[in-house]
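Please keep the sequence and the 3D view side by side while you work through these notes. The points below can be checked one at a time.

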Amino acid sequence: MMLNAYNKWMLAYGSGWDSVVHKHYHSLLKTQFAAHATIQEQKLDKIKNLLRHAYESTVFYKERLNQTGIKPRDIKSLDDLKKIPPLTREDLNSQLQALISDRYSKDQIHYDKTGGSTGLSTQFVRSNECLAIKKATEFRFNSWAGWKPGERILYYWSPIQDFSSNNKKPNEIIQKYFRKRLALYAGKLNPEILAQHAEKWKKFQPHLVRAFPSSLQMFAEYLNENNISPYSPKAIITVGETLNQFQRALFEKTFRCKVFNCYVSRECGNMASECNEHDGLHVAEELIHIEVETENDDVGNLLITDLSNFAMPLIRYRIQDMSKIKLGKCSCGRTLIKLNLESARLSDYIVSPVDNTKIGGVTIIHYLLAEGPRVGRFQIIQDKKNHLLIKMSGSKSDNQKGIAHIHRTIDTLFEGKMLTDIEFVEHIPFLKSGKYQFIRREIP
Ligand SMILES: [Zn+2]
């Protein structure tokens, strides 16, 4: 069955870039079911190879390893990797050139930068060659959601940089590959644009949708308010932001399909995704090694080692997201380890004035939205240890019940020690990256 789909795909899309992606895709479909020990062994080989390459061809890793007195050959197990200090965003910002491998010429690499959801935009470099396996990984995640090669994909997409002429080279390649794709810019939405999107969605009839949850939420609410029943895709994959339970339920009801949460970063691409069990996200261990900085198997900072980008090796890169490893086998049969991504992003929690515990944005949003009356779009800013400023769209009179619920919930959550002011604004701006930040913490 599947082979037919491949053949059709090959006939339709030809050779070159497509065939390289196809080869990776085919291989990734097999390796996801390989024995756990085999995957770990192969991963270790790739890490050793990357480390040797980084040491021999970048100024940064030569110095970093020499300073710590470690030689690449000292790394004999995945555990040994802990001897290498994590790579930080500050390292990237201050030593970008020193991190680039001298084995790559200018026309073999491209520059990109993160959107700055943590307040700091970081530049980095990727080899052009690694795009193929990264794209194949995205396709494998799509296949977990029921998509087949050649089927229509709609991108409900917020980062403006993906629509600009910057970075033209890789974008053009990707466009060519995706003959059956439609990308709708969802970083700026108003009723007029939402109406156009509803039309385009209907006409395009996507098999699969990849979307930023905050933008898709606005679209879903628009459809519901206007009694529009949208074309139902096979599945929706959410990326780029934390997906909360309220949004998952809203999407499943509005679009009448399952939602798959996917963990994607600009630096490393598609890293982990839910399978049809929807119980944690399988890591693409063939090209990403993930560690959690934690003492007790709890939530901690993620450290990413990217096994496919040799132009600028990211080894134990502290990406500023938090998560924990989910133990146990998955009944889908895949042996790739799983992440529990219910935990919030690093910038995405509130510190309690009661006992300094960190309360994740997902939890707060759940209490405020899923359990309360409908309110306007909002953003919570913790500007003082004991003060929250909530910016909300709409007017006070429209949101009376919701406001009362918010005050009650915050009083309960923080035992009356958190003061709250609600400010009504015309609209809540997106970040430059196109992301919508629910929670912003302005205190350490
Ligand atoms: Zn699974």
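Predicted model: local features only at pLDDT ≥ 70, side-chain atom pairs only at ≥ 80, totals over all residues.

1. **Terms for helix packing.** Axes are lines fitted to C-alpha atoms, for helices over the stretch in contact, and angles run from 0 to 180 degrees between N-to-C directions. Helices (H or I, at least four residues) and strands (E, at least two) are DSSP runs, numbered from the N terminus.

2. Residues are numbered from 1 along each chain as its sequence is written.

3. **Overview.** The chain holds 13 helices and 19 strands. Of its 444 residues, 39% are buried. A residue is buried if 20 or more other C-beta atoms lie within 10 Å of its own, exposed if 12 or fewer, and partly exposed in between; C-beta atoms are placed from the backbone. Two residues are in contact if their C-beta atoms, placed from the backbone, lie within 7 Å. Among contacts with a separation of 6 or more, 70% join residues 24 or more positions apart.

4. **α2 against α7.** Start with helix α2 (residues 17-31) and helix α7 (residues 130-144). Their axes come within 8 Å and cross at roughly 55°. That angle makes α2 oblique to α7. Angles under 35 degrees count as roughly parallel, over 145 as roughly antiparallel, 65 to 115 as roughly perpendicular and the rest as oblique. The crossing of α2 past α7 is right-handed. A crossing is left-handed if the near helix is turned anticlockwise from the far one by less than a right angle, and right-handed if clockwise.

5. **Who meets whom there.** From α2 come W17, V20, V21, H24, Y25, L28 and L29; from α7 come A132, I133, K135, A136, T137, F139 and R140. By class, the residues of this contact are ten nonpolar, two polar and two charged. Ala, Val, Leu, Ile, Met, Phe, Trp, Tyr, Cys and Pro count as nonpolar, Asp, Glu, Lys and Arg as charged, and the others, Gly among them, as polar.

6. V21 sits in helix α2. Is V21 buried or exposed? V21 is buried, because 25 other C-beta atoms lie within 10 Å. V21 and I133 are 112 residues apart in sequence, yet their C-alpha atoms are 6.2 Å apart in space.

7. Helix α9 (residues 191-204) and α10 have axes that come within 10 Å and cross at roughly 85°. The two are therefore roughly perpendicular. P191, L194, H197 and A198 of α9 make the contact with F219, Y222 and L223 of α10. These residues divide into six nonpolar, one polar and no charged. Now follow α10 (residues 213-225) to α11 (residues 245-255): their axes are 10 Å apart, at an angle of about 45°. This pair is therefore oblique. Here the crossing is left-handed. P213, L216, Q217, A220, L223 and N224 in α10 meet Q247, L250, F251 and T254 in α11. The classes are six nonpolar, four polar and no charged.

8. **Nonpolar cores.** A nonpolar core is a set of buried Ala, Val, Leu, Ile, Met, Phe, Trp, Tyr and Cys residues joined through C-beta atoms within 7 Å. How many residues are in the largest one? It has 78, and those with the most contacts inside it include Y156, I236, V283 and I288. The largest share, seven residues, comes from α7. Another core, of 14 residues, lies apart from it, with L368, M392, I406 and I439 among them.

9. **P313, a loop residue.** P313 is in the loop between β11 (300-306) and β12 (317-326). P313 is buried, because 23 other C-beta atoms lie within 10 Å. I100 is 213 residues away along the chain, but the two C-alpha atoms are separated by 7.5 Å. Leaving aside neighbours within four places in sequence, P313 is in contact with L50, H53, A54, T58, Y61 and S101.

10. **Positive phi.** N227 has phi near 50°, a positive value in a residue other than glycine. N227 lies in the loop between α10 and β6 (235-238). N227 counts as exposed, because it has 6 C-beta neighbours inside 10 Å.
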